[in-house]
Amino acid sequence: MLTGDPSSTAGVNRGPLLPDVAVVGAGPVGLAIAWRCAQRGLRVVVHDLAPGSGAAHVAAGMLSPVAEAYFGEHELTGLLVDSAARWPAFAAELADAAGTDIGYRTDGTLVVGLTADDLAEARRLWSYQQGLGLSITPLGPSALRDREPALAPRVRGGAVAPGDHQVDPRRLVAALRAAAERAGVALRPAPVARLSDVDARVTVVAAGCGAAALTGLPVRPVKGQVLRLRAPGRGAPGFRHVIRGYADGESIYLVPRDSGEVVVGATVEERVDTEVTAGAVLRLLRAAVDLVPELAEYDLVEASAGLRPGTPDNAPIIGPLPGRPGVLAATGHHRHGIVLTPVTADLVTEMIVTGRPDPLLAPFSPDRFVPQKERRWN
């Protein structure tokens, strides 16, 4: 990795053309790493045929370290909490650097159950989350509707996670690209078929599902179908919190935007296609309207599908590739790519500059998927 003061030619031996850092992939994680590296005085190039066209284009942008704390993912939850704590400062700095709003909102999240069975399932998870010391407070039906009158009278109960926020991923990508280019990052709109084609002192693979072919890491596509609705007359939606929950066993989330848009999602399918299916649209709309009846009168403006980069343990892969000197992975973020953008960018950049990985990244190192006998550290 690069060491020394990156702003000094004594610290970095700059060639006339060779970049210090090449990032493969221009989603939020890749662009944020490029931006942070450029801020440290490094020469950075980003390779991507269609920046921002991957999973982030479909993502809802929930920043949910609490509501997405699941059983058996204790270390991942710690990383989510750390990154969510970085988001307020990250959002303010990025909006200033890019000169644009990124749709960052701090209204909080309501987690609800439509039926008694739904509520029992939700309570089981809340108990686990509270046991981790996370901030989630159960609410009865009346207290829920005091916060969100648009909720259906049938909703049996829920909880509030005030620290679970949201951002608009499409605005986020545009802002990161603008901030990176203003900081001197060069974007090359071309695909990368082999890492040997990339010429740089350090290469960061942040290519989402494409990282598998480039690195051999076990990153698989997990299909998600998402709908976008718009409030009548393009007014603000009739609710302000992100609403997550269960409706007759169907997991659902509803994310309101200032623009009047509501994102409804999402399926989780072990498939590699990006076709939108009638069955998925039906299930999502039925669950959404069951929780917030007024959504039946909203315009359906988009139905889309994307591929999340999943891993065998549902955790990201961040760190040096065994046996590949000068190559780092920053991929496999699955459903957490947006919330983990700040911490991934900060820690990968620090690793590039200092050569030392932060202990926080130890559970997420690529070598956990490489047999001991095959490991060859640079």
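Biologist: In β13, which residue is the bridge partner of Arg228?

Modeller: A word on the source first: this is a predicted model, in which local features need pLDDT of at least 70 and side-chain atom pairs count only at pLDDT 80 or more, while totals for chains, interfaces and linings use all residues. Residues are numbered from 1 along each chain as its sequence is written, and side-chain values use heavy atoms, with hydrogens and water left out. Strands (E, at least two residues) and helices (H or I, at least four) are DSSP runs numbered from the N terminus, and two strands pair if DSSP finds at least two bridges between them. Here the bridge partner of Arg228 in β13 is Val263. Five bridges join β10 (residues 220–230) to β13, and these strands run antiparallel.

Biologist: Over how many bridges do β12 and β13 pair?

Modeller: Strand β12 (residues 250–256) pairs with β13 over four bridges, in the antiparallel sense. Leu254 has Val264 as its bridge partner in β13. The hairpin of β12 and β13 has four residues between the strands, and Gly260 there takes a positive phi near 100°.

Biologist: How many residues of β13 are buried?

Modeller: Buried means under 20% relative accessible area, exposed over 50%, and partly exposed in between, with a 1.4 Å probe and protein chains only. In β13 (residues 261–265), five of its five residues are buried. Glu261, Val263 and Gly265 cover one side, Val262 and Val264 the other, and all are buried.

Biologist: In what order do the six strands of the open sheet stand?

Modeller: The order is β8-β2-β1-β9-β16-β15, with mixed pairing. At the edges stand β8 (186–188) and β15 (317–320); each has a single partner strand, so one side of each is left without a neighbour in the sheet. Neighbouring strands are turned by 20° against each other on average, direction ignored; the axes behind such angles are lines fitted to C-alpha atoms, for helices over the stretch in contact, and angles run from 0 to 180 degrees between N-to-C directions. Within this sheet, β9 (residues 202–205) and β16 (residues 327–331) run parallel and are joined by three bridges. Thr203 stands opposite Val327 in β16.

Biologist: How many aromatic pairs does the count come to?

Modeller: Rings of Phe, Tyr and Trp (its six-membered ring) pair if their centres lie within 6.5 Å; planes under 30 degrees apart count as stacked, over 60 as edge-to-face and the rest as tilted. The count comes to four aromatic pairs. Among them, Phe71 and Tyr128 form a tilted pair, 4.7 Å centre to centre with 45° between the planes. Phe71 lies in the loop between β3 (62–63) and α3 (74–98), and Tyr128 in helix α4 (residues 116–131), 57 residues apart. Trp87 and Tyr104 form a stacked pair, at 6.0 Å and 15°. Trp87 is in helix α3 and Tyr104 in the loop between α3 and β4 (109–113), so this pair ties together parts 17 residues apart in sequence.

Biologist: Is Trp87 buried or exposed?

Modeller: Trp87 is buried, at 0% relative accessible area, whereas Tyr104 is partly exposed at 21%. Ring pairs link Trp35, Trp87, Phe90 and Tyr104 into a cluster.

Biologist: How many disulfides does a search of the whole structure find?

Modeller: A disulfide is a pair of cysteine sulfur atoms within 2.5 Å. The search finds zero. As for individual cysteines, Cys37 is buried at 0% relative accessible area, and Cys209 is partly exposed at 22%.
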